[in-house]
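Please look over the structure shown below before reading on.

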Amino acid sequence: MPRSRRSFLKQSVATVAAASVAGCAPDGDGESGAASDGGTRGAAPGTKAIRLPAHTLRAVGETVLPAELGDDGRERAVAAFERWSDGLEPVAELAHPYLVPETRYSGPDPRPGWAAQLQGLEKECRARFGSELGEIDVAGRRKLLAGPVGQAGTGLGSPSNAGHVAVALMAHFFRSPTATDLCYGRVIAKQQCRGLDGALGEPVHVAGSEGGAP
Amino acid sequence: MSRVIESDVCIIGAGITAAMVAERLAERTGASITIIEAGQRTASLAERTNTRARMLAYGENPYPNDHIPDQTGTGNMYRQMVVGGSAMHWGGAIPRYSPEDFRIRSLYGVGFDWPISFDDIEPYYQEAEERIGAAGEQGPEDCDPRSKPYPMPPLPLSYNLARMREWTDSAGIPFWTQPWARNTEPYRGRNVCQRCDTCAVCPTGAKYTPDFAFDQLLAQGRIDLVTRTLVRRLALEPGTDRIAAAEAVNRDAPAEPIEFRAGTFVLAGGHAWSSHLLLLSGNSRFPDGLANRTGNVGRYMTGHWYVSGFIDLPMRLYPGIFANNSLLTHRFASPGPLDRYVRHDIRLWESDVGRAPRLRNGDGSLLWGDEIMADWRERTDSGATARIRSYYDVLPDRDSRLTLDGSNTNALGDPMPRIDYRPAQTSLDLEGHTHKTIFGRFEHLARAAGGSMMSTRTSRLWEHPGGGCRMGDDPATSVVDRWGRTHDHENLFVVGAPTIVSSGCANGTLTFCALSLMAAEEMEKGLNG
């Protein structure tokens, strides 16, 4: 039975994760994909929280995330990114690559740079448009972002390696189970603990997406 | 003055082969068993939910404290030194070797025959599958021989793999489901797989990891598990070739040595650290290291290489349904008569390569939100991607070798291992033919689907490594006999990966476990006699 797209976007991944098996859902609420939020809220152990300017970050979200998410969906995506950012631990030991004897660590903390980028965007916006970023249209925001994103963005890999906060936000969303389901118009729920029973069937449609794009 | 700990059996290393030996000896003998592990415990099952989440979110190691920083060798080797060993992180793939793997000299005139046949090891494969909890599908009998059914039904084919198997059937190549150490039914107190798709860290306990076996044995009072304790050398009984003690230090009190005395010693340190300890243990009677009278310790280090690629398929698939299941064929590992030697497996997975979201389109133009989604949909609507990979048999040279590296020492001043792998000239001569043959089969598969190869690559990473203490009937060319008993020391066994002769063309862990169970059976004779 297809579900409404709104309820899918709001509930699907968290519900699948929580209902499938006790012990699979991490501590965070995981609204846009429990696993991608890192299972934590607040600062990672031993680190000081570096909050990104919320208002500007949301203005960026409206600019770089799909409009088809709607205002609520974009807000959830940005909030999930904020939780992920809060939980990020710089210079953490990374999973060992296969048959590599040396230990590898994640890079330095990207958040001070990201916060500065958002502050810079506001300054630039006021200088060029006389307004805050959230008050100008999306086309204007993209003009402001095109240069730095174009320089920093080579792909949508690990968000913590993104050279610009807008790329990090996009990477965080587009790598999520929610984005995959939205792309295919099907409830795939990748990397959620889904049980074995549903594996064989073709994933059910997200309501409103029959035949392809929602 | 050393503290002394005595037992009937002393197992050095607490990985999967130690678990096999300890479990079997605990069931079939009354022997007291001590297991020494240089590492410590890592994330418990309860903790793996959150470490998994952080691995997904940030790429972090889901097994904290799973290695010892200064205990680091050079060359391809596993990082883990922890209770459970590298089988904490493993994906759980447990194919058997093929009968041909044990007789390649007799059948094909290359490499070396093992001192055992497939029929010799088959009952121990079954026992290992039952101890681990194997879920598998019987393949065609001529290339997947087995005497009894798998303990559990196979993991279900996903929608993606079912479509892919229709395709491989049309190509005339039999594929079946990869056997896994993951439960499809409740088994030995562990959960059923929930398709979390992060098998390197399983949050449900459906994947076998050795810590489960150790916890049960500890609860039964059948083993002592001594952690954070590094064995630095083995010592002989005065005037004999028997091993008297394992000399160790607790890493928290390195000035206070510990001496583990036992009637039987078992080296279960995996492909690198078992040979390493033997070489470290040289003395006046064995100046080049224990069990090394004929100079074979550390030699014939082996593994297999692979070729891989991605295939563009004209079908609608949904990557993410079950990325950690795969299709497998051993048809080409059991090829029948050959004009020129080449043996390999083939595995197939769902994949999103070439069909993942991207920031720039094919022209290099920057994309934003809806444009990224539209570009992504266009590429997922137009077809699907399959990942394909073949392990192929590479024969080790005698000088494929682990040595002590005096330029790299730990905090105690002990030299660390260095592995310099080297293929036999036969394998180098066959490499081009091997690649051409396998890529031809990839192309055949792609064409059968109306698809095409997107990309191919070759790798010389020695995967599923082993060797260093290879088994044989002749002490002049081997370190241990078919039971893993060293030729030079009647109360010293080496188990698992170090004892293999070659790596065949399949993941090795199940074979390492089966060989360990064979060795345990031999140990039982002495312990029960």
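Helix axes are lines fitted to C-alpha atoms over the stretch in contact, and the angles between them run from 0 to 180 degrees between N-to-C directions. Helices themselves (H or I, at least four residues) and strands (E, at least two) are DSSP runs, numbered from the N terminus. The model is a predicted one, in which local features need pLDDT of at least 70 and side-chain atom pairs count only at pLDDT 80 or more, while totals for chains, interfaces and linings use all residues. Residues are numbered from 1 along each chain as its sequence is written, and chains are lettered from A and ligands numbered from 1 in the order in which they are written.

In chain A, the axes of helix 2 (residues 54-64) and helix 5 (residues 138-152) come within 9 Å and cross at roughly 100 degrees. Angles under 35 degrees count as roughly parallel, over 145 as roughly antiparallel, 65 to 115 as roughly perpendicular and the rest as oblique, and helix 2 of chain A and helix 5 of chain A are therefore roughly perpendicular to each other. From helix 2 of chain A, the residues A59(A), E62(A) and T63(A) meet V138(A), R141(A), R142(A) and L145(A) of helix 5 of chain A. For the classes used here, Ala, Val, Leu, Ile, Met, Phe, Trp, Tyr, Cys and Pro count as nonpolar, Asp, Glu, Lys and Arg as charged, and the others, Gly among them, as polar. By these classes, the contact of helix 2 of chain A with helix 5 of chain A divides into 3 nonpolar, 1 polar and 3 charged residues.

A further element of chain A is helix 7 (residues 177-184), where 8 of the 8 residues are buried, so that this helix is largely enclosed by the rest of the structure. Buried here means that 20 or more other C-beta atoms, placed from the backbone, lie within 10 Å of the residue's own, whereas 12 or fewer make a residue exposed and values in between partly exposed. Just after helix 7 of chain A, G185(A) takes a positive phi of about 70 degrees.

Chain B has 10 helices and 15 strands, and 58% of its 529 residues count as buried. Its C-alpha atoms fill a box of roughly 75 × 55 × 45 Å along the principal axes. With 529 residues, a compact globule would have a radius of gyration near 24 Å, and the 24 Å of chain B agrees with this; the radius is taken over C-alpha atoms, and the globule rule is 2.2 Å times the number of residues to the power 0.38. Two residues are in contact if their C-beta atoms, placed from the backbone, lie within 7 Å. Of the contacts in chain B with a separation of 6 or more, 71% join residues 24 or more positions apart.

Within chain B, helix 4 (residues 118-132) and helix 10 (residues 509-528) pack at an angle of about 110 degrees, with their axes 8 Å apart, and are therefore roughly perpendicular to each other. Among the residues that make this contact are I121(B) and Y124(B) of helix 4 of chain B and L510(B) and A514(B) of helix 10 of chain B. The contact of helix 4 of chain B with helix 10 of chain B has 10 nonpolar, no polar and 1 charged residues. Leaving aside neighbours within four places in sequence, A514(B) is in contact with I121(B), Y124(B), Y125(B) and A128(B).

A514(B) is also one of the residues that touch the most other members of the largest nonpolar core, which has 202 residues. Such a core is a set of buried Ala, Val, Leu, Ile, Met, Phe, Trp, Tyr and Cys residues joined through C-beta atoms within 7 Å.

Two residues of chain B call for a closer look at the backbone. A291(B), in the loop between helix 7 (270-280) and strand 8 (299-313) of chain B, has a positive phi of about 60 degrees although it is not a glycine. H464(B), in strand 14 (residues 452-468) of chain B, likewise has a positive phi, near 45 degrees, in a residue other than glycine. A291(B) is buried, with 29 other C-beta atoms within 10 Å, and H464(B) is buried with 23.

Finally, where the chains meet, 54 residues of chain B are in contact with 63 residues of chain A. Helix 2 (48-58), helix 5 (159-170) and helix 8 (369-381) of chain B each supply at least two residues of the side of chain B that touches chain A. That side of chain B has 29 nonpolar, 16 polar and 9 charged residues.
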